[in-house]
Amino acid sequence: MSNFRLCPDTGLFFDKNAESLMKVHAVAAVVSLLVAGLLALGVALTRWPAVHLLPADQFYMFLTAHGIDALLFWIIFFEIAILYFAGSTLLRVRLAAPKWAWLGFALMLIGAVTTNVAIFQGNSSVMMTSYVPMQAAPHFYLGLILFAVGALIGCFVFFGTLVIAKTENTYEGSVPLVTFGAITAAIIAVFTIASGAIILVPTFLWSIGYISHIDPEMYRIIWWAMGHSSQQINVAAHVSVWYLVAGLTLGARPMSEKVSRFAFLLYIFFLQLASAHHILVDPGVSAEWKIFNTSYAMYLAVLASMIHGLTVPGAMEVAQREKGYTHGLFEWLRKAPWGNPAFSSTFISLVIFGFIGGITGVVMGTEQINLIIHNTIYVPAHFHATVAVGTTLTFMGLAFFLIPVLFRRQMILPTLAKWQPFLFGGSMTVLILFMMGAGTLGVSRRHWDMDFAGAALSFEYSGMAYTLMGIAGIGAVVAVISGGAFLLITVGSLLFGKKLEPSAGILQSFLGVPLSADTYNAKPEILPMAAPVEEHGSAGFEAPGTFVLAMVLLVSFIVYYFINWKYLASVWPLS
Amino acid sequence: MTSYLPPAQRIWWNVPVGRQEIVWITIALIWCLILFFMMPYWHVYGKQNLSTEAYKTTPAQYGPKVQAMIDKYTVRTETEQQIPVVAPPAGSDIYMLARLWQWWPILELEKGKTYRLHLSSMDWQHGFSVQPVNINMQVVPGYEMVLNITPDVAGEYGVVCNEYCGIGHHTMLGRIYVKE
Amino acid sequence: MADPSNTPDDEKERIPAMQSLLDNHFLLLFIGVAMPAVFYIIWGIMEVVTVPIAQ
């Protein structure tokens, strides 16, 4: 049991195994992001009509690898690190089965490398979705299967860690809210990975000739149970990180444990049904199936996100008001620690995820409206708002936090780090808004040439579509540069950052734990429960500024939703 | 007192929820129900709904049906590839075939008339994207989807393939004429 | 959030059913896998296999 290191700056206890595993997962994640970002540049400079950089074969190869490296490898490597943090570190317990955890990591790494090799060998440019009967090389599927098995092992190591914490009584009562959010993410991950196995194992067997036929519609339904749900893991994970960062940077506590946990429960029940968003204009499924699943059974998972949309900034506002920033509706927000990249990336991510990612997701996931959006470039616009700003920017902020805490290095280039979240969030927002516009004008996703060079017939998009794609291209290039700034800071800090002394005082000790500890012989005491606090103003509105922001969100949501119905009503009647 | 420590109360479920959250949850729930009921509402009162009529088919079965329509109703051909332009009578079954990398044939329809449009693919998955009106459908091999369409604005429409289908994807462009 | 009833006495108080559900992580795991497996995958596959064959 004397396998713990006390972080003198945060009071967090790190189990040695968990710490090493978190480090390797974080490094593998950042390397995946580096590859994904370089590929993004090629993709963006090709879709920028005036540049049109790559030839078609390379463009599709880059796009396939960009999707897989960014949406699967970067995010899931990082999420396994978050699970180990939320399990072992937050509960002050040793990690279960560290050998299995290392095996899981090895499988994920081998899988990620194998799939990337398959793609860059050139015969597997099948896009992330690899829709049958288009076929990739067998090791393309094999790599994904190995990666999925490794991630599944990681999930079960996390669940095992929860069991140890419970039996060894390292905490009293219920697990912390952040850990509960991580449990939500892990549950969704188990379903996601199981669906992936159900469909990718037969597809692999088909690619080596053991199975003669895979039904393409069945493939689509089961593949999307993985493809969409993997992004729902992100939602649960980054919402937990929002709560975590609110706690770490502002000392915020949940406004109500009951409300926040109930919202996570709604995710567990309903979030994964939204895989149906991809099947809305497919043949062979009934309107009842589409309506029930696309709406997460009456939009109950949307309700959950709207709840988090109030309670995360609300918790921040309450914490700030307690510090005395009580003037007017928004002093708490103006006086927030905007110079701390962990905070600013979280808040920017929260706003863009809610206002753009959330609203566009509901609009395009509406059964009938989907037919004016399906497979247009509006779709990647939506998921760059949810994944690139929602998840990736949140994880970037957490990575900035982990450099001193986990890796014990002082961050290099602090001024650049201060500006990086604004630059990345801002340029991504430009990319997203202009791709949404181009998608509304019918520009398709996954398409090399909007001029259709070499086609027997011709069709011309409006000049506006070209302009929008050009501006989106500029946004994308700036986003890649600011992603590069993130990599420069994190990798540079790991390599060249000053090693921190046991107590460098970068962050305040917030648990009142004494600041003396030798490495790895700290003995964690039982995790304290949160201190009860005085009730204030629960009869009134504790966080009025947040409520105003929430109402602005609601009004934007209503207006944009009905604009899209109006637009739908203008297209050819269909029945 | 933070989000990453166990809750302060052993029984936190019974801690009363603040009024602000209750008000917001109520508003949000009402909005979610409106979002939900818009879909069945549109099925009854809206004009743009997808039919769920679909059949299992094969290229060997679907190809001849398309050819039969072409043989019967071709009015002219276009481009050096001799793509047939087919003008079937209003109200009839019309067929569009997707294959690497063609939409086949060109359809010539009458404005304001309803047709039963059949869609299927001979090989990989394709995306039927009528532009600039921006109607998008997934075309899946082995499945024949049947949609009732009523083109209500005359003009020349492009049929873009918007599901990635290999190296010639961007050359897969078809056409639909809608005549006054 | 200081609940006036939060005294040592309520250590004996029964934990509400919803709180027990939220603390039972393996039951949540089962529900979280079963819900989409039934409503999305199984129902969806049934729809696809019952598509009639074209004439």
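In what sense, parallel or antiparallel, do β6(B) and strand β12 (residues 173-179) of chain B pair? Point 6 answers this.

1. Ground rules. This is a predicted model, where local features need pLDDT of at least 70, side-chain atom pairs count only at pLDDT 80 or more, and totals for chains, interfaces and linings use all residues. Residues are numbered from 1 along each chain as its sequence is written, while chains are lettered from A and ligands numbered from 1 in the order in which they are written.

2. Confidence. pLDDT is the predictor's confidence in each residue, from 0 to 100. Chain A has a mean of 92, and 94% of its residues reach 70 or more. Among its elements, helix α3 (residues 98-120) of chain A has the highest mean, 97. Strand β1 (residues 4-6) of chain A has the lowest, 84. Over residues 504-519 of chain A, pLDDT stays under 50. Where pLDDT is low, the predicted coordinates should not be read in detail.

3. Chain A overall. Its secondary structure comes to 16 helices and two strands. These are DSSP runs, numbered from the N terminus: helices are H or I with at least four residues, strands E with at least two. The radius of gyration, taken over C-alpha atoms, is 23 Å for chain A. Along its principal axes, the C-alpha trace spans about 75 × 55 × 45 Å.

4. Burial and contacts. A residue is buried if 20 or more other C-beta atoms lie within 10 Å of its own, exposed if 12 or fewer, and partly exposed in between, with C-beta atoms placed from the backbone. Buried residues make up 63% of the 575 in chain A. Two residues are in contact if their C-beta atoms, placed from the backbone, lie within 7 Å. Take the contacts in chain A between residues at least 6 apart in sequence: 85% join residues at least 24 apart.

5. The expected span of a helix is 1.5 Å times one less than its number of residues. α5(A) has 31 residues and should span 45 Å; its end C-alpha atoms are 44 Å apart, which agrees. In α5(A), 24 of the 31 residues are buried, so this helix is largely enclosed by the rest of the structure. G209(A) follows α5(A) and has a positive phi, near 95°. Helix α4 (residues 138-167) of chain A has 30 residues, of which 21 are buried. N169(A) follows α4(A), again with a positive phi, near 50°.

6. Strands of chain B. Two strands pair if DSSP finds at least two bridges between them. β6(B) and β12(B) pair in the parallel sense over four bridges. There, L109(B) has V178(B) as its bridge partner. Strand β3 (residues 83-86) of chain B also pairs with β6 (residues 106-110) in the parallel sense, over two bridges. V86(B) is partnered by L107(B).

7. The interface. Chain A gives 95 residues to the contact and chain B gives 80. On the side of chain A, the largest share, nine residues, comes from α10(A). By class, this side has 61 nonpolar, 21 polar and 13 charged residues. Nonpolar means Ala, Val, Leu, Ile, Met, Phe, Trp, Tyr, Cys and Pro; charged means Asp, Glu, Lys and Arg; the others, Gly among them, count as polar.

Notes
Rg over C-alpha atoms; globule rule 2.2 N^0.38 Å.
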